[in-house]
Amino acid sequence: MMELKTFVWTETDSEGFGDTTLGEFKDNEIDLSDDEARRLANDILLSLRNGEHITFRID
């Protein structure tokens, strides 16, 4: 089973931080619980406010 991961980085810290695993892929779809979806949305908004970049990975 494959998972969605997020990785946060900045122009000055390209090594990044905050590698987070969310949800699982099944039949070409990702299934997030309500809590995982909220956490992902909050993480994206917080990163944008802090001038950070987010990379999504599928592992």
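Mentor: Of the 59 residues in the protein chain, 22% are buried; buried means under 20% relative accessible area, exposed means over 50%, and partly exposed lies in between, with a 1.4 Å probe and protein chains only. This is a predicted model, in which local features need pLDDT of at least 70 and side-chain atom pairs count only at pLDDT 80 or more, while totals for chains, interfaces and linings use all residues. Residues are numbered from 1 along each chain as its sequence is written, and side-chain values use heavy atoms, with hydrogens and water left out.

The protein chain has one helix and four strands, and from the N terminus on its elements run β-β-β-α-β. Helices (H or I, at least four residues) and strands (E, at least two) are DSSP runs, numbered from the N terminus. Along the principal axes, the C-alpha atoms fill a box of roughly 35 × 20 × 15 Å. The accessible surface of the protein chain comes to about 4,400 Å², and 48% of it belongs to carbon and sulfur atoms; such areas come from the Shrake-Rupley method with a 1.4 Å probe, and for residues only the protein chains shown count as cover.

Strand S4 spans residues 53-58 and holds threonine 55. Threonine 55 counts as partly exposed because its relative accessibility is 29%. Leaving out residues up to four places away in sequence, threonine 55 touches Lys5, Thr6, Phe7 and Trp9, where contact means heavy atoms within 4.5 Å. Threonine 55 and tryptophan 9 are 46 residues apart along the chain, yet their C-alpha atoms are separated by 8.0 Å.

Lysine 5 is classed as buried because its relative accessible area is 19%. Beyond its neighbours within four places in sequence, lysine 5 is in contact with Asp19, Thr20, Thr21, Thr55, Phe56, Arg57 and Asp59.

Isoleucine 58 also lies in strand S4. Its relative accessibility is 48%, so isoleucine 58 counts as partly exposed. Not counting residues up to four places away in sequence, isoleucine 58 touches Met2, Glu3 and Phe25. Between isoleucine 58 and glutamate 24 there are 9.3 Å in space, C-alpha to C-alpha, although the two are 34 residues apart in sequence. For the protein chain, residues 24 or more positions apart account for 44% of the contacts with a separation of 6 or more.

Glu24, Asp27, Glu29 and Asp31 form a negative surface patch. Patches are made of residues with over 30% relative accessible area and no salt bridge, with like charges joined within 9 Å and nonpolar side chains (Val, Leu, Ile, Met, Phe, Trp, Tyr) within 5 Å. Glutamate 29 lies in strand S3 (residues 29-31) and is exposed because its relative accessible area is 57%.

Side chains of opposite charge can pair when their charged atoms come close. The count comes to one salt bridge, defined as a side-chain nitrogen of Lys or Arg within 4 Å of a carboxyl oxygen of Asp or Glu. Arginine 38 forms a salt bridge with aspartate 35, and their closest N and O atoms are 3.0 Å apart. Arginine 38 and aspartate 35 are separated by about one helical turn because they are three residues apart in helix H1 (residues 34-49).

Technical notes
Lys and Arg count as positive and Asp and Glu as negative; His and the chain ends are not counted. The place of a charge is taken as NZ of Lys, CZ of Arg, CG of Asp or CD of Glu.
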